[in-house]
Amino acid sequence: MYKLDQNETPLFDALMEYVNRETIPFHVPGHKKGIGMDEEFKNFIGINPFKIDVTVFKLVDSLHHPTGPIKKAQELAADAYGADATFFSIHGTSGAIQAMIMSVVKSGDKIIIPRNVHKSITAGIILSGAKPVYMQPELDKTVGIAHGVTPETVEETLKAHPDAKAVLIINPTYYGVATDIKKIADIVHSYDIPLIVDEAHGPHLGFNEKLPMSAIEAGADICAQSTHKIIGALTQCSLLQVCSKRVDTHRVKQQLNLLQTTSPSYILMASLDCARRQIALHGRELLDNTIELANYAREEINKIPGFHCFGREILDKPGAFALDPTKITITCRELGITGYDLDMILSNKYHIQMELSDLYNVLAVGSFGDTKESINALLNALREISGDYYGKGEAKSDFIDIPAIPRQELNPREAFNSDKVSLPLKQSIGEVSGEFLMAYPPGIPILCPGEVITKEIIEYVQRLKDTGLYVQGTEDPEVNYIKVVNL
């Protein structure tokens, strides 16, 4: 299956060699193997992390110009994932996504993206100067979340914008729902442009057949993956995978070098090296166990009055082609409480911290670190909460339809860098927004920088506030004022 020996961890081994040499450090960082570190922090962390917290020198290689163990570690990651080239990102997947976008589009180029993108994608568009063309994802009003965009939507958008230079897809969504990415890849490639994929929530997909198809398997040209989300690398660790001659690997490297620090954390990179070894050698069985526990949780949650946890039945809906069962979305609308309420009850009363919450749901992320005991603790808490709330309040209503995507007057970079003035939202009709305006759920921007504010949008925002939905994005936390471009 693999061309290289996936038992190897060249970067971690190089760091261990440095430690075993008992090298005397006259290099940064200044704590010098922890000797100069605050004692309370050092006692909590332990001494070993400080021993491998080093700087760039020949033995441990350079992230920006790798020729030794980092180069070999990235080659092993490419071999494990089936990519042509892999780059480590210690700037998170946000940095990897920005580099990915800046590698395929430049100022003035059109890039086709879903409307429900992470803010790092918009940041990449602002940095690149590209012009976004938005696709509306499919909405599930019952659960109150956005799924993927359909292949039909991608095809229609490309027909309307045949001069687009790239298409970006999310695979899967935060909630674990994937669209038919193989079909989308074929459509995009018929225009001979790259398909780039935000696969932040899918670094594990290629290692178990019970999971949705990975971007690489589907034929995507480049994708960014958050290895810290599920498969065991430390927070901030991600991989950027290049899988096609449509993407210039050298340009990708240049963009990463522009964005990433020249003093990268070797602790983070070592965790990437070792997380790759673990998923390559033991991914199937570890994921089998993770999926089994998640499905057990899903089955038991659906027995608790007032709660619902969707499974494969959701695949009958547009934009939902495959499901990652490790994502456990717990809908509580029948209890008459919000997802935010449930999140706070679980955190404050039961000391159980969920990944996120919205008006209708909380999300639990399954991973290699789950146990039957931790799942049962969550289930017992949910049973108690059901007893406290079920039948004592009105169920939350369906999500409100969002307005049409407004006209784009300026590209996001122009609007972001423009002079702006603050106006009362109700007096901003016809103005060009200099800010974002988003509603949760479903996390789709109502306004992006450069778009024209409409009466429909202002009325919609008021309806959201009246319903108790969370509106955010403007500098004004109450969203009574919005910054507009001073044309």
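Me: In this predicted model, which residues are exposed on the other side of helix 10, away from its buried ones?
Reply: The buried residues of helix 10, which spans residues 249–259, are Val252, Gln255 and Leu256. Seen down the helix axis, these buried residues fall within an arc of 100°, so they line one face of helix 10. On the other side, the exposed residues are His250, Gln254 and Leu258.

Me: At the start of helix 10, which backbone nitrogen does a side-chain oxygen of aspartate 248 reach?
Reply: At its start, the side-chain oxygen of aspartate 248 comes to within 3.0 Å of a backbone nitrogen, that of histidine 250.

Me: Which residues touch the most other members of the largest nonpolar core?
Reply: In soluble globular proteins, nonpolar side chains tend to be buried together. The largest nonpolar core here has 60 residues, and the members touching the most others are Val154, Val167 and Leu195.

Me: Which helix gives the most residues to this core?
Reply: The core in question is the largest nonpolar one, with 60 residues. Ten of its residues come from the helix that spans residues 266–301, and this greatest contributor is helix 11.

Me: What does valine 154 touch, leaving out residues up to four places away in sequence?
Reply: Valine 154 is one of the residues that touch the most other members of the largest core. With residues up to four places away in sequence left out, valine 154 touches Met135, Val149, Val167, Ile169, Ile184, Ile187 and Val188.

Me: How many residues are in the other core that lies apart from it?
Reply: Among the members of this other core are Met100, Ala166, Ile196 and Val252.

Me: How many disulfides does a search of the whole structure find?
Reply: A disulfide requires two cysteine sulfur atoms within 2.5 Å. For cysteine 237, the nearest cysteine sulfur is that of cysteine 274, 11 Å away. For cysteine 243, the nearest is that of cysteine 223, 5.4 Å away. Over the whole structure, the number of disulfides found is zero.

Me: Is cysteine 237 buried or exposed?
Reply: A residue counts as buried if its relative accessible area is under 20%. The value for cysteine 237 is 0%, so cysteine 237 is buried.

Me: Why are phenylalanine 41 and phenylalanine 50 an edge-to-face pair?
Reply: A pair of aromatic rings is described by the distance of the centres and the angle of the planes. Planes over 60 degrees apart count as edge-to-face. The ring centres of phenylalanine 41 and phenylalanine 50 are 6.2 Å apart, and the pair is edge-to-face because the angle between their planes is 70°.

Me: What is omega for the cis peptide bond that joins asparagine 171 and proline 172?
Reply: Proline 172 is placed in the loop between strand 6 (166–170) and strand 7 (177–178). The peptide bond that joins asparagine 171 to proline 172 is cis, with omega at about -10°.

Me: Is valine 479 buried or exposed?
Reply: Valine 479 lies in the loop between strand 19 (470–472) and strand 20 (481–485). Its phi is near 55°, a positive value in a residue other than glycine. The relative accessibility of valine 479 is 3%, so this residue counts as buried.

How values were computed:
Residues numbered from 1 in each chain as written. Predicted model: local features only at pLDDT ≥ 70, side-chain atom pairs only at ≥ 80, totals over all residues. Heavy atoms only, no water. Buried < 20%, exposed > 50% of the residue type's maximum accessible area, 1.4 Å probe, protein only. Core = buried A, V, L, I, M, F, W, Y, C linked by side-chain atoms within 4.5 Å. Helix = DSSP H or I, 4+ residues; strand = E, 2+ residues; numbered from the N terminus. Contact = heavy atoms within 4.5 Å. Arc of directions from axis to C-beta. Polar contact = N/O pair within 3.5 Å; in protein donor to acceptor, adjacent residues only side chain to side chain. Phe/Tyr/Trp six-rings, centres within 6.5 Å; stacked < 30°, edge-to-face > 60°.
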